[in-house]
Amino acid sequence: MEIFTRKTALALFLGLFATSTYAKEFSYIETFDDDATFATGGSLPDGWLGDNSVTPVQRYEGSYLGSGNHSGSYVLGTLASSSMGRDSWVYTKKMSLKGGVTYTISYWLHMPGGVAPAAYNNNVALYVGNDQTREAATTKLGETGNTVFSEWTQQTYQFTPAADGDYAFAVNITSQLYNSGYVALDDFEVSGDEPGGSIVDPDDPDKVICELPYSQSFDNENKDYDGTTYVPKGWLATGSSTFVTANTDDLKAADGTYYLIAPESKVKRDDRVYTPFFHMKAGEEYTASFYLYMPGNSGYQHASDFNFTVGDEQDSEFQKPLLTLTDYTNETWTKQTVTYSPNEDGDYCFSFALGGENAYAGEVCLDLFTLTTPEAKAKPKANFSFNGHFDLMNSKLIVIDGSKVQMVNQSSDSDSYLWEVPGAVPETSTEANPVFSFPEDGDYNVKLTATNERGESSTTEKVSVEVISESSQLPIGVYNPNEDELWTRSKVPAYDTNPSCDWVTGVNHYYNHFAERFSLPEGRKYGVSSLTLYLCYYNIASRYYSDQADEPVSIVLYGEKDGKPDTDNEFGRYTSTMKGLFGTLGLSEAEMRSIPFDKPIVADGPFYVAFEFSDNLWIDEPDANLSRTAVGFGGFTHRSKLTTLYVQPTAVPATSSFVPDGSYCPVDSVDAQYKGLGLNLVAWTSVEGTETAVALTTDGSVAFDARLSGDRLTVSGTHAGETVLVSDASGKTVAIAKAADKSTSLHLANVPSGIYIVKTAQGVRKIVKR
């Protein structure tokens, strides 16, 4: 277990605790050590900007620069100036600051001067403005004067904006003479107490009152871990095996990285964790929600009781239950939602209480607690994911011949968005769910910033890309090994008709035909030679055993029509029997199975891999002592919640309004709770290259030329590895590709009509798209 005890840089100012308004700590800290802040690979933190001076400011290892470091290993600095009159500038990222709030800006300097420190020295000044330019940096907050600092020395200034807005701080390093020595800067901080957040009751220092709406994912997004406790500020954990903020390898957080966990207890549970207080009004309805994970202890057959309570003290005697779950277990994160209307105005807190008579009743985890009221708008929270295809040999996203990747925006409480993807096409977008192409192999940092009137939230994810124009056999899977979570055998979902046999990813009372979608780009041929799948459950009915074992099973590759499998467009099928594909013995554990075809099935993209079982399978046994035929495949849930498992139902659960029509549909049409499901299926596929159309001169040599046919652009006369660039009349890049030998193809499917310029190392050509 990893315990999270990240410190925040500053505590709330005690002088504001007695005021009648809520205050939150604004805290920006840059130590220059966290690689995540250099996600785009530059020499400055993401969002910072330097100038083109002779001695630019950039990131160095302190030992290389000669300064050592104030903290960590890296610093921001400049080398010794080799020219007269150094004038170097560096601008912080823009920060949204509040008018009338006083902010404290501090950083540490080390600048020993040159060979003769009395004359060869530097001046470091701090400015602030509304943009990252010298012209905008109009307000000087202070300066060192021409001096030397032979030891790390902290500089501290204050700034009170006249109005709300975005501000950037600028550090200006100047010297009169050459060889004035290096300048190193470390641990740059901006802090201040803004309206909103939390206050402390002046009569009770342990009572923290938080602003509504409130959200807590235990990832320090509220800057409420002070390093002295294992729960956020204002929370209180009690009991024999108390809740702490942590994570484990066995359980991915419901949101973010960390969550609260009460470890396995050797005694009966008496553990409770209290939230901070919230000022709530009589008669108004508040909605509390949280995610709960309580697997119990299957070895002992033990479970705990769970209570969610509310009261006006962090004391069980003053709490009353709102939700009670007796002897409760679940196998995955389960969202719980409760409403509450107080009878009187006042400050209230909630608690999560564990009880019951059982010792060794398993761990209990809590994540993403929220408390909302209809009249208060929440802060935005940026989040996104995407579906794609992955090379299971290296876990990289496969991009085939300029195919597009659709981003799935999962942000909450947001009004606008900014996507930034350096190196992609396009590099920025303000669409909610944009499409990007990745022209070359490598790592791309996808950043999303979500904004509303209460502020902004950003998140960044690295996407490792493998660009393929053609290939031999390649293990292609829809499952994202970097993000999506595979099911264990015990977590394969089943329908209530028979929870021990009616697997959603298998044969059940609603369907015996199901398929996985491979959304590979159209216009290419894909040769599927074999499949790899995980057989989690398999049993042949003991009654009519030989008949069941010989029942046929077909694997069919279909094309797509209207967003689902097109059974009239069959690329090919492989037919065997139950015993031929899965054997005659039942399973005690999940097993990986490989299914080779007699010859590759060639499909156009996108295509579906369907498993179609016989209607004669015995799935109802009137005698409880006899077994039924059961099949259950491994699967997973897409983080994007975009379903890739399709089924062909003949019936639906009583709670479903879906009417079967004989065609395939997404599995969540049958039962909405299965939205986002996919099969853990790998298709060993060869990708056929495009035709190598070339232009020839009269002597038979390859000429440089460009030809557009529909949406496919063929550029003749290229050399392997060079860049082929397509731009519009304004010079904006619309397509880019790494060239193949002699001829290169690009897709211009999303490019509007107009005049375009094709550029390679051999020259330029004009094309017209009509």
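## Close-up views of a predicted model

**View 1. Strand E9 shows two buried faces.** Asn-123, Ala-125, Tyr-127 and Gly-129 point one way from E9, while Val-124, Leu-126 and Val-128 point the other way, and all are buried. The model shown here is predicted. In a regular strand, side chains alternate between the two faces of the sheet. E9 covers residues 123–129, and seven of its seven residues are buried, so the strand is largely enclosed by the rest of the structure.

View 2. Strands of a sheet pair through backbone hydrogen bonds, in a parallel or an antiparallel sense. E9 and strand E12, residues 165–175, are antiparallel and share seven bridges. Look for Tyr-127: its bridge partner in E12 is Ala-170. E9 also runs antiparallel to strand E10, residues 139–143, with four bridges joining them. Here Val-128 has Thr-139 of E10 as its bridge partner.

**View 3. Strand E31 is mostly covered.** E31 spans residues 405–409, and four of its five residues are buried. Strand E28, residues 384–386, is joined to E31 by three bridges, and the two run antiparallel. In this pairing Phe-384 stands opposite Asn-409 of E31. Strand E34, residues 435–436, is joined to E31 by two bridges, again in an antiparallel arrangement. Gln-406 has Val-435 of E34 as its bridge partner.

**View 4. Three strands form an open sheet.** The strand order is E53-E54-E57, and the pairing is antiparallel. Strand E53 (705–709) and strand E57 (742–747) stand at the edges with a single partner strand each, so one side of each has no neighbour in the sheet. On average, neighbouring strands of this sheet are turned by 20 degrees against each other, direction ignored. Strand E54, residues 712–718, pairs with E57 over six bridges in the antiparallel sense.

**View 5. Thr-733 lies in strand E56.** This strand covers residues 733–738. Is Thr-733 buried or partly exposed? Its relative accessibility is 33%, so Thr-733 counts as partly exposed; the buried class ends under 20% and the exposed class starts over 50%. Beyond residues up to four places away in sequence, Thr-733 touches Val-425, Leu-725, Val-726 and Ser-727. Ala-749 is 16 residues from Thr-733 in sequence, and their C-alpha atoms are 14 Å apart in space.

**View 6. Phenylalanines stand out in the largest nonpolar core.** In soluble globular proteins, nonpolar side chains tend to be buried together. The largest nonpolar core here has 62 residues, of which Phe-611, Phe-613 and Phe-633 touch the most other members. Strand E40, residues 525–539, supplies the largest share of this core, with eight residues. Which residues does Phe-613 touch, not counting residues up to four places away in sequence? They are Val-507, Asn-512, His-513, Phe-514, Pro-552, Val-553, Met-578, Phe-582, Val-631 and Phe-633.

Definitions and conventions
Residues numbered from 1 in each chain as written. Predicted model: local features only at pLDDT ≥ 70, side-chain atom pairs only at ≥ 80, totals over all residues. Heavy atoms only, no water. Buried < 20%, exposed > 50% of the residue type's maximum accessible area, 1.4 Å probe, protein only. Pairing = 2+ DSSP bridges. Contact = heavy atoms within 4.5 Å. Axes fitted to C-alpha atoms, helices over the stretch in contact; angles between N-to-C directions. Core = buried A, V, L, I, M, F, W, Y, C linked by side-chain atoms within 4.5 Å.
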